[in-house]
Amino acid sequence: MCNSIEFATFPHFFSDTLRFYRHTNVVYLNTVVGNTEQFIKRNFRVRVITNTVLPGAYEYDLALIENDRFLLSNVDLRRIQQLADVMDFDASQSEAVKRNGVMLPSGFCEYEREIKKLPVFDRTRYHRATLHYFLWHLAKYYLINSGPNDRGLRLSEAVRFYLREIKRPFRSNREVNESYQRIDRETLENIAARVLIVDVPPAQGYGALPPFIQVREVLVNEQFSLPGILPSGYFFGSHFDSEDDYIDWMSEFLSHCQHMHLWLLIVRDVAMLKGLGKMLEAMNRRSRSFSHPITEAHSFNYLVSQPA
Amino acid sequence: MFNEFFSEQYGRRNPNARLFHELLEATSRVVNLVEQKDAQHSDRVALNCLRLARRVGISDQITLAQVYFAGLLHDIGEIGVPDSLLYKKGKLSEEEFQVLTTHTAVGQQIASQIPVLATAARLILWHHERWDGTGYPEGLTMDETPMLAQIVSLCDAFDNIRRGGLFSKPEDWDSELMRFAGIQFNPSLVRPLIELTEEGLADDTECSPEDEEVLNAMELQEDVIAQLREDYVSIIVNFLLALLEAKHKESALHSKRVARLCQRVGEQMKLSEQELQTLVIAGNLHDIGKVGIPNSILDKPGMLNDMEYKVIQKHPQYAATILEPLSGFSEVVAAVLHHHERWNGCGYPGGLKGDDIPLLARVLHLCDLADALTHLRSVPKHFAAEQVRYVIEDGFGSYFDPDISRFFEEDALEVEKLEDDA
């Protein structure tokens, strides 16, 4: 089982750097997680442009970054609740179903299928993304790690709770934000942004996702597999044969972002720091790194870079 | 920075001072002053954090001590949240909620002023993260949040459930916790906490010998003590100033200016190095008692009414209460406690007169008023630096020791003004 903390991003630690860049555009390139873009949208007066690789992460960004309002009407909410009341189950009594690396109660899987049949699900891509976000929260609640699921809430109660809860993160920052999935280099070159934040994946690629991220992807694509989802050849989050290959690829990729003033690289792999520093120097940018311990065994590193 | 002071007070006079315990006691008193709603909340959370961490298998004494401190200081950042918002009845608006969420980051910044509590500071930052990822500030999901922070979060929420008022029934506490397992809390922590409550340990606010052992372990840790000995006084001054800055920035800036003025006047008076450092420390900390005064009074435009004036007059005593546990700070305490005494005996809190007022308190009073006359918003009329000497000598002559006021130079105020503008 992979360690979730290795996937987490701690945006608070670089927020002081971002405070100097108000009223500007920020491009955020990430692979898996979703909390950082939301943190930026919520806390800084900037326009957020995100790019993700995973379809589930893209749905998340569509719902919460590109979209500003909670779109489900009271009629939609009543329908979703009614469905839960009809299909109510107790998690401890429900059979567990294995779905592409995650275990969920069968009652939940049936409910998910019915939700996806509702007309509201296909109304717009933002409605679909909002419902995926809602289903993800429910799925996280019912996720079975080992042994029987002893979650206390029945489906109808959990749905009632989360229908109230999920409205909270939907909010506008009074900017036109955009979300992309696998942005191409030409688009990247044409984005007029001052800040680039890159969540640098490890050179070995992501082997396995933590269950709560895996379940988000499975809800969006039943056949999801991480290696399968990445384009052929080298890409963000894929496995690189050597560190040099990785640095070369990163350098080529980032050369399309030279017009962005500040780069903030989130580096999980401490061994990569030296190579990335040299890469930035070769790209005629000065950089400095700073580190924050998260736990006794784990620390988080950032590289900040500006044109020399 | 305060080497002479430290070596005199802690080296020669009190070589066996228990630095970490002093710090703990002073911190505890600050927390109790800050928490006007429920003075025991943080104490209970701290002890429950310690016990729960032990119950789930954490045995390293230093780690346990960090969890204890995170529990004790978890809400210290609330000092930066306006009282009107903290005590607001009913639902907070979106903007108000945003302001409230800053208390975790403010708390982290305050706690990180004490380097030996670096781990606790990080835990404070994450104590409102939720298991399902809808918490703040970072929105971490499940075990992305470090386990120790999950423990603080759970114990904080549990104490909030327990103090839920008349309608909070003890028989409902367990089911309330179970209801939010998997939503707000790590489900694997909830069961051990319920076991603690069943054993009655979660209600016990007295430190058991086992709990004491954890705090003693910090005192025995050589690198912790070495770190404290290296810069003990600066750590305390910076921690308390950070706290005051979060509460009332104007007072913190005023304190720093007063400390610099004190240094200049002290140098003119040819005080010894140790006295000079004591005076500078007292200058920095003379208004620290304001952490216990509501912002509505500190920020009130215009004159205070009698009731409000009585409340604000308590700040020297509050300051003394905070600093008393620090064994080497007795002279600082005397200066801070009496910095509103007047030469003619009409000051507060003791109404001391003439030479009965400690010397450093007399200097501090002079510098405090001089800076207030030129800078503070709460003073109705500001004076130019060159007018202050006239005001001190003629207007308030009877307030000050004449032997000290002759050392006062208005140039010092000019310099302060320039530094402020810069």
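B:Met142 counts as buried, at 9% relative accessibility. The model is predicted. In it, B:Met142 has a positive phi of about 45°, although this residue is not a glycine. B:Met142 sits in the loop between α7 and α8 of chain B.

A:Arg174 belongs to the loop between α7 (155–165) and β5 (178–181) of chain A. A:Arg174 is exposed, with a relative accessible area of 70%. Most residues other than glycine have a negative phi, and most peptide bonds are trans.

Chain B also holds cis peptide bonds. The bond from B:Tyr136 to B:Pro137 is cis, with omega near 10°. B:Pro137 lies in the loop between α7 (118–125) and α8. The bond from B:Tyr348 to B:Pro349 is likewise cis, with omega near 5°. B:Pro349 is placed in the loop between α18 (330–337) and α19 (359–375) of chain B.

The largest pocket holds about 1500 Å³ of space. Its lining comprises 47 residues. B:Leu92, B:Phe97, B:Leu100, B:His128 and B:Tyr136 lie nearest the pocket centre. Elements giving two or more residues to the lining are α5 (83–86), α6 (94–111), α8 (147–162) and α9 (170–180) of chain B. Of these, α8(B) gives the most, with 5 residues. By type, the lining residues divide into 16 nonpolar, 13 polar and 18 charged. Domain 1 (3–224) and domain 2 (248–421) of chain B both contribute to the lining, so the largest pocket lies between them.

How values were computed
Residues numbered from 1 in each chain as written. Chains lettered and ligands numbered in written order. Predicted model: local features only at pLDDT ≥ 70, side-chain atom pairs only at ≥ 80, totals over all residues. Heavy atoms only, no water. 1 Å grid on protein atoms, 1.4 Å probe; cavity = no way out; pocket = protein on both sides within 12 Å on 5 of 7 lines; lining within 4 Å. Points joined across faces, edges and corners; volume = space filled by probe spheres on them. Helix = DSSP H or I, 4+ residues; strand = E, 2+ residues; numbered from the N terminus. Nonpolar A, V, L, I, M, F, W, Y, C, P; charged D, E, K, R; others polar. Domains from an automatic or database assignment. Buried < 20%, exposed > 50% of the residue type's maximum accessible area, 1.4 Å probe, protein only.
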